[in-house]
Amino acid sequence: MDLRIFTEPQQGATYETLLRVARTAEELNYGAFFRSDHYLHMGSTDGLPGPTDAWITLAGLARETRTIRLGTLMTAGTFRLPGVLAIQVAQVDQMSGGRVELGLGSGWYAQEHEAYGIPFPREKFGRLEEQLAIVTGLWSTPVGDTFDFDGEFYTLKNSPALPKPAQRPVPLLIGGHGAKRTPALAGRYATEFNIPFASVDTSEQQFKRVQAAAEAHGRKPGDLVYSTALVACVGGSDAEVKRRADAIGRDVDELKANGLAGSPDEVVERLSQYRAVGASRTYLQMLDLSDLDHLELIATKVMPQLA
């Protein structure tokens with residue numbers, strides 16, 4: 001089970017905070033540092049000092065880290081034109097020496113669009129389908145050839161399809177709970193399928209849908225990585241677990257039911273249940289970014305048991 005760090009900077013984090021977390025994760029041998037792509041906080045937090053842009057953040061981290069992989073869960077398709085996104089991701093991949101992964105979703109948080117004047121289209125999933133075709137098409141076009149696309153939402157003519165990313169291909173994550181269109185897109189385009197904040201049973205059902213979709217597109221189900229994302233709240237004692245739960249405004253019993261909470265052994269057992277249904281990777285949602293000891297505890301007490 002590959003463990004990765006997943007942050008939610010819209011809840012309140014500076015670039016320097018994210019850099020400290022990413023460097024700590026790298027030192028502790030986590031598989032990757034990922035962040036969300038949102039411009040507005042959620043819930044009762046004030047979000048101070050304000051949002052940071054996902055791909056600007058990753059560009060900085062690309063130059064200030066050395067080995068850890070970097071990515072998004074998920075880049076909002078409503079925020080960026082697909083041609084521009086292909087350029088951004090390719091450039092950051094080059095800057096990192098080939099360590100970038102692109103998670104791409106349709107976008108869903110209407111209020112952040114209203115807050116920053118970003119159009120929030122009624123038909124988002126159709127746009128996502130075209131975005132995936134364009135981004136992957138631009139990257140796969142041979143140097144010297146051009147790329148054209150004539151869709152309902154986007155049209156590209158005589159694109160030089162440059163620059164190219166360092167990786168061929170850049171790992172592409174698609175995720176979600178949708179029972180039909182989401183698995184179909186994952187089966188066609190994804191390197192990895194991620195289901196966030198879901199039970200073991202729900203995860204298993206969705207993995208099976210994606211596996212069937214992959215086969216329908218002439219792929220082997222094992223060609224994809226299957227992953228989950230769960231909030232983490234781990235402690236060496238009950239008191240430490242409660243302290244960490246209180247720090248993020250959550251209840252311990254609720255976290256144990258819906259996330260990864262409790263002692264290292266309890267969390268290992270919970271992760272083993274997800275591994276048994278096909279998950280080989282977990283994104284640990286870390287909501288208190290000041291608590292670097294939390295990362296160390298998981299790296300030293302949980303990670304070795306999953307090797």
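Isoleucine 195 has threonine 228 as its bridge partner in β10, one contact in a predicted model. Here strands are DSSP runs of E with at least two residues, helices are runs of H or I with at least four, and both are numbered from the N terminus. To get from β9 to β10, the chain passes through helix α7 (residues 200-216), making a right-handed β-α-β crossover. Right-handed means that, with the strands pointing away from the viewer, the path from the first strand over the helix to the second runs clockwise.

On a 1 Å grid over the protein atoms alone, a cavity is a set of points where a 1.4 Å probe fits but cannot get out, while a pocket is an open set with protein on both sides within 12 Å along at least five of seven lines; lining residues have an atom within 4 Å of a point. Points are joined across faces, edges and corners, and volume is the space filled by probe spheres set on them.

The largest pocket holds about 1,100 Å³ of space. Its lining takes in 47 residues, with Phe6, Glu8, His38, Phe197 and Gln285 nearest the centre. β9, β10 and β12 are among the elements that each supply at least two lining residues. By class, this lining has 22 nonpolar, 20 polar and 5 charged residues, where Ala, Val, Leu, Ile, Met, Phe, Trp, Tyr, Cys and Pro count as nonpolar, Asp, Glu, Lys and Arg as charged, and the others, Gly among them, as polar.

As for cavities, there are 3 of 30 Å³ or more. The largest has a volume of about 60 Å³, and its lining includes Ala232 and Cys233.

Residues are numbered from 1 along each chain as its sequence is written, and side-chain values use heavy atoms, leaving out hydrogens and water. Local features need pLDDT of at least 70 and side-chain atom pairs count only at pLDDT 80 or more, whereas totals for chains, interfaces and linings use all residues.

Key
Pairing = 2+ DSSP bridges.
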